Amino acid sequence: MDHTQDNPAMQKRSKKISYLFIAIVILMTLLLFSILKTITTDRHIPTQQAIMHDRALRGKIISADDYTLSRSYKSFNAYVRAESIAPEKFELFTRLFSIYSGIPQDEIEKRFYNKKGKRITHGNVLIAKHLNAKQAMQLRSLAVKFNRLKLFRSVKNRAGIMVRYGLDIIETGESRSFPLHDTLSPVLGYVHKKEEEGYSRPEGKKGLERQYNKFIAAKQDGYFKGKRDVGGNVIHDKNSIEKMRVDGKNMHLNIPLSLQRRIEKMIDAMKQEIDADEILIGIMESQTGNVLALATSERYDPGHIRSQDIPKLDLKFAEYPYEAGSVLKPITLAIALEHGVVTPQTIFNTYNGRFKIGKKRTITDDEKFASLSATDIIVHSSNIGISQISWRLTGEEFRNGLLAFGLSKPSGIDLSRELTGRIKSLHLLNNQMHRANSSYGYGMLVTFAQLWKAYSAFNNDGVAVTPRIVDYLEDTKGRHFILTPTQGDLHPIGKRAADQIHDILKEVVKRGTGVKAQYPGLEVGGKTGTAHIAKHGRYVREYHSSFYGFVNDDKGHKYTIGVLVIRAKKWHKYFASQSAVPTFKKAVRILVDQGYLEPKEVEDQQLKADISLYGDATTDTEVSAPILPPEPKTKESEPKVAPQKSQKIVPVVKKKRKLPTPKKRKKPPTAVTMPPQKTKPAPKPKPAPVAPPANDAGDLF
């Protein structure tokens, strides 16, 4: 007998067991999923390793007399949580922060207000930026004191956890400093900041900062890595790893600050005296090309560039092509002497200062002579005479001669950008009028650096040396490296022709347009040039006045000096004899004052009666002391680093140059050749107008 009997209690119990089983399965599934997620997900737990970074710095730029002209320092920002400062201790916070940072208290308080003037009560506040290492160290010690004073209170973070924030000092990048402000600008150039993974570094944008950027830029950051303690500090033990930083190389210049500052002050006064737009001057050793001074009256502070400084950023020494005028005449004569078509005594008919070419063209001279020797053509700056000298050359000989002197080519001066100017084509120079026009400096464009280099040949046996601003690079181990110029020295003429032009330029100073450059006891020579400026295809009554020449003593000191005056506006001051020549003379006096030249003992009352170099009532003896910053730079201790393997420079032993006594550069056995500069090509100028008559241009003075 089948006794099947439904039991409600048993059925209810079975359902409960089923539900429980399902629940257990679900919970086990969730548990397994959670475990799997934990295994596959990165765990945010404190690492057992810690790293201390040591960022490398950009190299310094240092003058020949050991003053720092440009340097880098690590930059820090200071942050604090606004809500973490106890309201009753806010004034104490700002007062102590001001004392430790050197920032005025009212400026610190302003940081806690937004643009609408409302108090910031939540979030991070940037209290100070661009702090140096000293300020950062002091503020970090202040942060510890704040904690002891219980100045900060605990606040809830986004997760709802109570956290006590403090004063944070964070390294944000590297900043560039120019402690002497506008000195040697724009030659030094300027930098801009480049972000690299949240860390800013300076990068050269102009001048020496750009030209030598790859050598002075920071090479390799250092770090110290090892196990950390509970406070997050690196434990120094045998397992820790240290990598030394490699700073950029320091750049040492040939330019002494004492001379540069005096030259700058002098041309500033001359600019005011003659009301010029700008004055440029360069002084270099004629035999080595070492630049002792390179100055302009239009300077700026590279650390604080303003909108009105933008026109001053260009380096006119190499980026300002212009029509040179009569300073080109000695170069024309030198080419003719080298080809043997004239001698210094060759006589030319100068037609009493007026000479017709064809039916429409007339060449004129201010000083009217029936005839002149080749020497006197330069002494009296005869356009008619130099034109006839150029006609004794073929167009090809004349053009090749100009190219040999470095015209229409980069000079190789170590600046960031160089324009090449322009000389006429062979087709045009085969025409007599065009060749005559170019023989006295019109219808062509040259730069200051090109003429400066060319004139060094007349004081160096026919060798035109490349101007060199940088003496050597130095790494942190004190090893010196010399870089070869991008353009080498030129040999445009032989020694005989160079000596002949040398003597002719001395005659220009003795009895010609450069008499105001005379200096008793010294050998002085040079050539003046006053050239009209062309605007919109026509010459206007604005002028470039220049004087390029040399000065030597009997002790072997030989210098090539170039002066360019742009738009002197005072009456008759636009003549080179009234502007460029006196500037040259004052530069010579500064060289004498500082011991670069030693004149023979000659009495000259006129020299003693000359006005001051700097436009005030003081005498030369009162201003003969070097104009220097209050304190010289001090050698900072730097970590020893391994040489950069990728740097293909061979070190050379180079003794420290003793100033002011000049010396010849000793070339290293091998040296790195700098890569060719990627310069922007010069804009194609409009065809220059035919030169105006000399009596209008003032070209004879």
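Helices (H or I, at least four residues) and strands (E, at least two) are DSSP runs, numbered from the N terminus. This is a predicted model, in which local features need pLDDT of at least 70 and side-chain atom pairs count only at pLDDT 80 or more, while totals for chains, interfaces and linings use all residues. Residues are numbered from 1 along each chain as its sequence is written, and side-chain values use heavy atoms, with hydrogens and water left out.

**Helix H17**

Lys-585 lies in helix H17. Its relative accessible area is 14%, so Lys-585 is buried. Buried means under 20% relative accessible area, exposed over 50%, and partly exposed in between (1.4 Å probe, protein chains only). Lys-516 is 69 residues from Lys-585 in sequence, yet the two are 7.3 Å apart in space, C-alpha to C-alpha.

**Salt bridges**

A salt bridge here is a side-chain nitrogen of Lys or Arg within 4 Å of a carboxyl oxygen of Asp or Glu. The structure holds 33 of these salt bridges. Three of them are set out below.

| Asp-277 | Arg-567 | 3.6 Å |

Take the salt bridge of Asp-277 with Arg-567. The pair links distant parts of the chain, 290 residues apart. Asp-277 sits in the loop between helix H7 (257-274) and strand S13 (278-285). Arg-567 sits in the loop between strand S24 (558-566) and helix H17 (580-593). Asp-277 is partly exposed at 31% relative accessible area. Arg-567 is partly exposed too, at 21%.

Asp-376 counts as buried, at 18% relative accessibility. Arg-511 counts as partly exposed, at 40%.

Elsewhere, salt bridges that share partners form one network of Arg-55, Glu-174, Glu-196, Arg-201 and Asp-221.

**Backbone details**

Most residues other than glycine have a negative phi, and most peptide bonds are trans. The loop between strand S7 (168-177) and strand S8 (191-196) holds Pro-186. The peptide bond from Ser-185 to Pro-186 is cis, with omega near 5°. His-181 lies in the loop between S7 and S8 as well. Its phi is near 60°, a positive value in a residue other than glycine. His-181 counts as partly exposed, at 47% relative accessibility.

Asp-275 is not a glycine, yet it has a positive phi of about 55°. Asp-275 lies in the loop between H7 and S13. At 34% relative accessibility, Asp-275 counts as partly exposed.

**A helix pair**

Two packed helices are described by the angle between their axes and the distance between the axes. Helix H9 (residues 329-339) packs on H16 at an angle of about 145°, with the axes 9 Å apart. Axes are lines fitted to C-alpha atoms, for helices over the stretch in contact, and angles run from 0 to 180 degrees between N-to-C directions.

Which residues of H9 and H16 make the contact? H9 gives Pro-330, Leu-333, Ala-334, Leu-337 and Glu-338. H16 gives Ala-497, Gln-500, Ile-501, Ile-504 and Leu-505. Contact means heavy atoms within 4.5 Å.
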